[in-house]
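Please open the model in a viewer and keep the selection panel at hand.

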Amino acid sequence: MSYWIVGLGIYITGTVILFIFPSLIHKKRDYKILNKLINGKLKIISHRGGMEKYPENSLSSFKNSVEIGCFGVELDVHTTLDGKLIICHDKNLKRITNQVESPEELNYDQIKNYQKNIWDENIQEYFHYEDYIIEKPPLFEDLLRNFKNNDLYINIDIKSNKESEMLEVIKLIHKYEIENNVVIGFSLNSKAKEIIKNYKMDIPTFCNVKELLLFVFGSIFLFLPFVSFKNDVVCITGNFNSTKNSNAFKNSFLKKLLLKFTDLMSPLYKIFVWHMNRRGIPVVLWTLNCHDDWEKGIKRGVNGIMTDYPLKLINYLD
């Protein structure tokens, strides 16, 4: 029995030491854009450029994000039939242009303008854009050309698992010399770091699904200090209000239990974020769209919040 007590004591002591001094076994990240994200007040990142005033993932929405003072933007990339990188979230264009095809099935010239009414799956409502400037989903290169001189954090989510698509994104980042402003990755593929390294570049990447689970379970079961993260940013869902209203948990008892557990974990969450920050890894929550979720996200001490309503969040924080 004494051996178990001694072993447990050694484990707890080691955990505490590595929690406070993670650099003893982990090399600290030192990316300029991540240091900015970690330091100072909470950062606002417009999810798909925001949807309040202009259609998601449009150049107008990204420009608006800059004008209202967002720290950064999040966007999604697909490849068209003629090999161009287009900024678009869904697998098909039905919701935004009323075309049943996917971007991969059409040449860029065949893709239509945004609709005036666009469904938002997060709040189960339509956004109505009566007076917006008529435009179509933009090319990824158009975004880089427009914002290459802005000090804007750009979170790039590649929606396929094709390494060729990742390579094309990297080439354009190199062409427009914005390596110090971007975070890149594809959540279902673990090879982002290798592809970037093979291209002789050093760009921070966000964690894939496997590493997100390691962060969650490492936090719950207190082995987080021992986890070696290959990637550099933890972008994790924190849409508490949607969970509350979701049909994903039909059993009301299980739903209440989950929500109670997340509330109980809230005070500890700040400690986990603090530990990750000491390793140079920021923690960002997505996609938070209401006061209740923003308040819970703030209490968790995260470094950034992604939202479809960046202006409302700015006003809320003020």
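This is a predicted model. Begin by displaying β1 (43-47), β2 (72-79), β3 (85-87) and α5 (140-147): the buried residues of α3 pack against these elements. Next, select helix α3 itself, residues 59-68, where Leu 59, Ser 60, Ser 61, Phe 62, Asn 64 and Ser 65 are buried. Just after α3, stop at Gly 69, whose phi is positive, at about 95°.

From there, move to strand β2 and select Asp 76. Is this residue, Asp 76, buried or exposed? Asp 76 has a relative accessible area of 1% and is therefore buried, the cut-off being under 20%. Show side chains here: that of Asp 76 makes a polar contact with the side chain of Asn 57, at 3.3 Å. Beyond four places in sequence, the contacts of Asp 76 are Arg 48, Asn 57, Ile 86, Ile 87, Cys 88, His 89, Asp 157 and Lys 159.

Now turn to the largest nonpolar core, which has 38 residues. Select Phe 215, Phe 229, Val 234, Ile 236, Tyr 269, Met 276 and Val 283, the members that touch the most others. Two or more residues of this core come from each of α8 (209-220), β8 (234-237), α10 (252-278), β9 (283-286) and α12 (310-317). The largest share, four residues, is that of α10.

Finally, select Phe 140, Ile 170, Ile 195 and Met 201, which are among the 30 residues of another core, apart from the largest one.

Methods. Residues numbered from 1 in each chain as written. Predicted model: local features only at pLDDT ≥ 70, side-chain atom pairs only at ≥ 80, totals over all residues. Heavy atoms only, no water. Buried < 20%, exposed > 50% of the residue type's maximum accessible area, 1.4 Å probe, protein only. Contact = heavy atoms within 4.5 Å. Core = buried A, V, L, I, M, F, W, Y, C linked by side-chain atoms within 4.5 Å. Polar contact = N/O pair within 3.5 Å; in protein donor to acceptor, adjacent residues only side chain to side chain.
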